[in-house]
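Please read them with the model open beside you.

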Amino acid sequence: MRKEIKNAKRIIVKVGTSTLIYPNGNINLAAIDQLAFVLSDLRNRGKEVILVSSGAVGVGMHKLHLSERPTLIPEQQAAAAVGQAELMNIYNQRFSVYNQQTAQILVTRDVVDYPESRKNVRNTLEQLLIMDTIPIVNENDTVAVDELDHLTKFGDNDQLSAIMAKLVAADLLIVLSDIDGFYSDNPTTNPEAQMYRYIDKIDEKILAQAGGAGSTFGTGGMQSKLKAASRIFEANSAMILANGKNPAIIFDILAGKEVGTLFKEDLK
């Protein structure tokens, strides 16, 4: 069932804050270096890669020596502004070790909702891929605030990554989270929870097993992952949810190994 995954040429990789930041709030430099190594190697193989990266607020908190996430919007925006600059500094440094050029793209929801803006974003991404560059995409958290204007915010980077996948007609979206895949229940509290290897449709049963917004397993939550998968179904593409603790798992995914949960319609 995963033979097609091996042939994926255009790949979106989404990493959550849990991959980039340790539980103690410090930056996980080992994971970032591993991610840079893996994605650079994919480029060397001839793959086209776009990275959708969370972590701006988390890195900003680290730089600003904040022990708790700010609650006020201006404070969150300030942390995101500081963190985004530092995150790109780290990415640029680590990717340069592997002679891989990167580029930063910050977007808001209205950019891809308006046809002219959407075309410009798509053209930029296409040109960067032609130039053998890895675009690093994140939401522009300093202006995209749900409480101020719900039309400008994607909601989370799970949604952003799925929208980017649809925008550039990606063959595969890999979502790296802090859980091995999609489970029938919360595996941290229910040892009987079973992990799905394949999901070919999102029905009421699957939605119920994702839990509510307040009972999520990962940073973006399972509800968010299912919303992203629905977008991937609409685009007739594929998505794999896997544990991003070691980004080298991407190699296993593209080798067709049975890791994570594969979301794809009409599995044969």
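1. The model is a predicted one. Every value in this note is computed from that predicted model.

2. Start with helix 3 and helix 5. Helix 3 covers residues 29–44 and helix 5 covers residues 73–97. Their axes are 9 Å apart, and the packing angle is about 50°. The crossing of helix 3 over helix 5 is right-handed.

3. Which residues make this contact of helix 3 with helix 5? Helix 3 supplies L29, I32, D33, L35, A36, L39 and S40. Helix 5 supplies I90, Y91, R94 and F95. Sorted by class, the residues of this contact are 8 nonpolar, 1 polar and 2 charged.

4. Helix 5 also packs with helix 4, which spans residues 56–63. The axes of helix 4 and helix 5 are 6 Å apart and the angle is about 90°. Angles from 65 to 115 degrees count as roughly perpendicular, so helix 4 is roughly perpendicular to helix 5.

5. On the helix 4 side, the residues that meet helix 5 are A56, V57, V59, G60, M61 and K63. Their partners in helix 5 are Q76, A79, A80, V82, G83, Q84, E86 and L87. The contact of helix 4 with helix 5 comprises 8 nonpolar, 4 polar and 2 charged residues.

6. A further helix pair is helix 8 (residues 157–167) with helix 10 (residues 222–234). Are helix 8 and helix 10 roughly parallel or roughly perpendicular? Their axes cross at roughly 10° and come within 8 Å. Under 35 degrees counts as roughly parallel, so helix 8 is roughly parallel to helix 10.

7. In the contact of helix 8 with helix 10, helix 8 contributes D158, Q159, A162, I163, A165 and K166. Helix 10 contributes S224, K225, K227, A228, R231, I232 and E234. By class there are 5 nonpolar, 2 polar and 6 charged residues in the contact of helix 8 with helix 10.

8. Turn next to the aromatic rings. How many aromatic pairs does a search of the whole structure find? The search finds 5. One of these pairs is F37 with F251, whose ring centres are 6.2 Å apart and whose planes stand at 85°, an edge-to-face pair. F37 sits in helix 3 and F251 in helix 11 (residues 249–254), so that the pair links distant parts of the chain, 214 residues apart. F37 counts as partly exposed because its relative accessibility is 33%. F37 and F251 also belong, with Y98, to one aromatic cluster.

9. F182 and F263 form another edge-to-face pair, because their ring centres are 6.5 Å apart and their planes are at 80°. F182 is in the loop between strand 5 (172–177) and strand 6 (198–199), while F263 is in strand 8 (residues 261–263). The pair therefore ties together parts that are 81 residues apart in sequence.

10. S53 deserves a look. S53 is part of strand 2 (residues 48–53). The relative accessibility of S53 is 1%, so S53 counts as buried. Leaving aside residues up to four places away in sequence, S53 touches V15, L20, L87, Y91, I136, V137, N138 and N157. The C-alpha atom of S53 is 9.8 Å from that of L160, although S53 and L160 are 107 residues apart along the chain.

11. Finally, check two backbone angles. A169 is not a glycine, yet its phi is positive, at about 55°. A169 lies in the loop between helix 8 and strand 5, and A169 is exposed, with a relative accessible area of 57%. N236 is also a residue other than glycine with a positive phi, near 55°. N236 lies in the loop between helix 10 and strand 7 (238–243). With a relative accessible area of 64%, N236 is exposed.

Terms used: Residues numbered from 1 in each chain as written. Predicted model: local features only at pLDDT ≥ 70, side-chain atom pairs only at ≥ 80, totals over all residues. Heavy atoms only, no water. Axes fitted to C-alpha atoms, helices over the stretch in contact; angles between N-to-C directions. Helix = DSSP H or I, 4+ residues; strand = E, 2+ residues; numbered from the N terminus. Left-handed = near helix turned anticlockwise from the far one by under 90°. Contact = heavy atoms within 4.5 Å. Nonpolar A, V, L, I, M, F, W, Y, C, P; charged D, E, K, R; others polar. Phe/Tyr/Trp six-rings, centres within 6.5 Å; stacked < 30°, edge-to-face > 60°. Buried < 20%, exposed > 50% of the residue type's maximum accessible area, 1.4 Å probe, protein only. Parallel < 35°, antiparallel > 145°, perpendicular 65-115°, else oblique.
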